[in-house]
Amino acid sequence: MSESAYARAGVDTSRSDAAVAGLVEVLRSIDPGRPTRSMVGSGHYAAVLRLDERTGIALCTDGVGSKVILAEQLGRFDTVGIDCIAMNVNDLVCVGAEPIALVDYIAVEAANPEMLRQIGEGLKAGAEQAGIEIPGGELAQLPELIRGHPSPFGFDLAASAFGTVQLDRVVTGDHIEPGDALIGVPSSGLHSNGYTLARSVLSELDETPRELGGASVGEVLLEPTVIYVRAVLELLRSETDVRGLAHITGDGMLNLLRLNDGVGFRVDEPLPAPPVFGLIAERGGIAPADLWETFNMGVGMVAVVAEADAERATQLLAKHHPGAARIGSVTSEAGLVEIPSAGITGRRERGFAPNP
């Protein structure tokens with residue numbers, strides 16, 4: 001297998017997947033001295049632990065990644081908090097949970113009051129969009145570990161989020177079957193994935209390429225991740241038969257296989273990709289397979305619903321996020337993701353590749 005563009009930029013996802021598998025294997029062997037409360041297998045978007053016979057608590061953790069380097073370079077810290085909230089709550093709703101709270105962890109090179117105030121503004125904005133509280137968190141000053149771009153403005157931002165879900169309403173993807181509809185919800189751009197590759201290609205942050213319609217590279221790359229919580233919760237509370245929910249992050253459309261790898265997914269009509277993706281492809285000479293495996297390519301969330309509910313689900317999601325539309329269907333090709341317009345197919349173990 002040839003090395004991907006992302007690996008050449010410094011992030012080898014295939015190697016990290018193997019490393020994580022080793023970690024998970026050890027953690028899976030933990031004996032808590034009582035029957036497990038875990039209701040969802042590892043590898044899904046969030047864990048669900050049984051509290052009692054009816055109620056579960058959902059939890060997940062995530063960070064902003066190397067997008068924080070852009071914030072440092074631009075001296076603008078008021079949006080990455082939104083990304084931090086989004087990357088967590090968008091995962092929580094994928095198991096059918098209602099997010100209720102998040103606690104953040106900020107590691108800094110130096111405790112700069114204005115930088116932290118701006119980070120707080122972003123966290124506040126994201127929390128209000130998601131309808132959650134931030135009852136606590138942690139600030140660590142780590143000048144020996146954290147180095148800024150430029151110094152002393154280095155930081156890292158991560159969080160853990162919590163929600164509740166009725167055990168008979170947990171969404172796992174187990175009931176997905178061939179013929180189900182895929183409804184795509186638009187992204188605002190890169191969200192918080194693929195930035196090592198994007199920054200290696202688009203390094204002039206003040207540049208205003210015509211493809212970006214007058215916006216600078218820095219402005220477009222710093223655009224916050226969309227928070228889908230309110231739309232997805234309304235979908236879950238409707239009469240729609242929701243069979244799976246996928247937050248499209250790293251690995252792109254291969255994320256669909258996290259729901260159910262006993263079926264396949266055919267994306268016949270992908271949503272329009274924001275121009276930044278075409279610019280990255282052109283400037284970096286990046287092939288479609290690498291693009292679709294690294295970025296969301298314009299789709300931030302996918303709802304898998306029964307065919308009979310496709311129109312209803314589309315209308316409901318589009319009410320919150322204009323541009324939501326049906327993008328494809330579930331197939332009987334187990335473990336296969338097909339994107340005909342890009343001329344590629346993908347499997348979890350090998351990623352995307354050109355069609356033979």
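A salt bridge here is a side-chain nitrogen of Lys or Arg within 4 Å of a carboxyl oxygen of Asp or Glu. Keep in mind that the model is predicted. By that rule, the structure holds 15 salt bridges.

**Exercise 1.** Work out where in the fold Glu114 and Arg117 sit, and check that they form a salt bridge.

*Solution.* 
- Step 1: Start with the distance. The closest N and O atoms of Glu114 and Arg117 are 2.9 Å apart, and the cut-off is 4 Å, so the pair counts as a salt bridge.
- Step 2: Now place them. Both residues belong to helix H5 (residues 113-130), and they are three residues apart, about one turn of the helix.
- Step 3: Look at accessibility. Glu114 has a relative accessible area of 38% and Arg117 one of 45%.

**Exercise 2.** Find which parts of the chain the salt bridge between Lys319 and Glu234 ties together.

*Solution.* 
- Step 1: The closest N and O atoms of Lys319 and Glu234 lie 2.6 Å apart.
- Step 2: Lys319 is in helix H11 (residues 310-320), while Glu234 is in helix H8 (residues 229-237), so this bridge links parts that are 85 residues apart in sequence.
- Step 3: For accessibility, Lys319 comes out at 57%, which is exposed, whereas Glu234 is partly exposed at 28%.

**Exercise 3.** Describe the second largest pocket by its volume and its lining.

*Solution.* 
- Step 1: Its volume is about 420 Å³.
- Step 2: The second largest pocket has 21 lining residues, and Gly96, Arg169, Val170, Val171 and Leu236 are the ones nearest its centre.
- Step 3: Strand S5 (155-166), H8 and strand S7 (242-247) each give at least two residues to that lining.
- Step 4: Sorted by class, the lining holds six nonpolar, eight polar and seven charged residues.

Conventions: Residues are numbered from 1 along each chain as its sequence is written. This is a predicted model: local features need pLDDT of at least 70, side-chain atom pairs count only at pLDDT 80 or more; totals for chains, interfaces and linings use all residues. Side-chain values use heavy atoms; hydrogens and water are left out. Helices (H or I, at least four residues) and strands (E, at least two) are DSSP runs, numbered from the N terminus. Buried means under 20% relative accessible area, exposed over 50%, partly exposed in between (1.4 Å probe, protein chains only). On a 1 Å grid over the protein atoms alone, a cavity is a set of points where a 1.4 Å probe fits but cannot get out, and a pocket is an open set with protein on both sides within 12 Å along at least five of seven lines; lining residues have an atom within 4 Å of a point. Grid points are joined across faces, edges and corners, and a volume is the space filled by probe spheres set on the points. Ala, Val, Leu, Ile, Met, Phe, Trp, Tyr, Cys and Pro count as nonpolar, Asp, Glu, Lys and Arg as charged, and the others, Gly among them, as polar.
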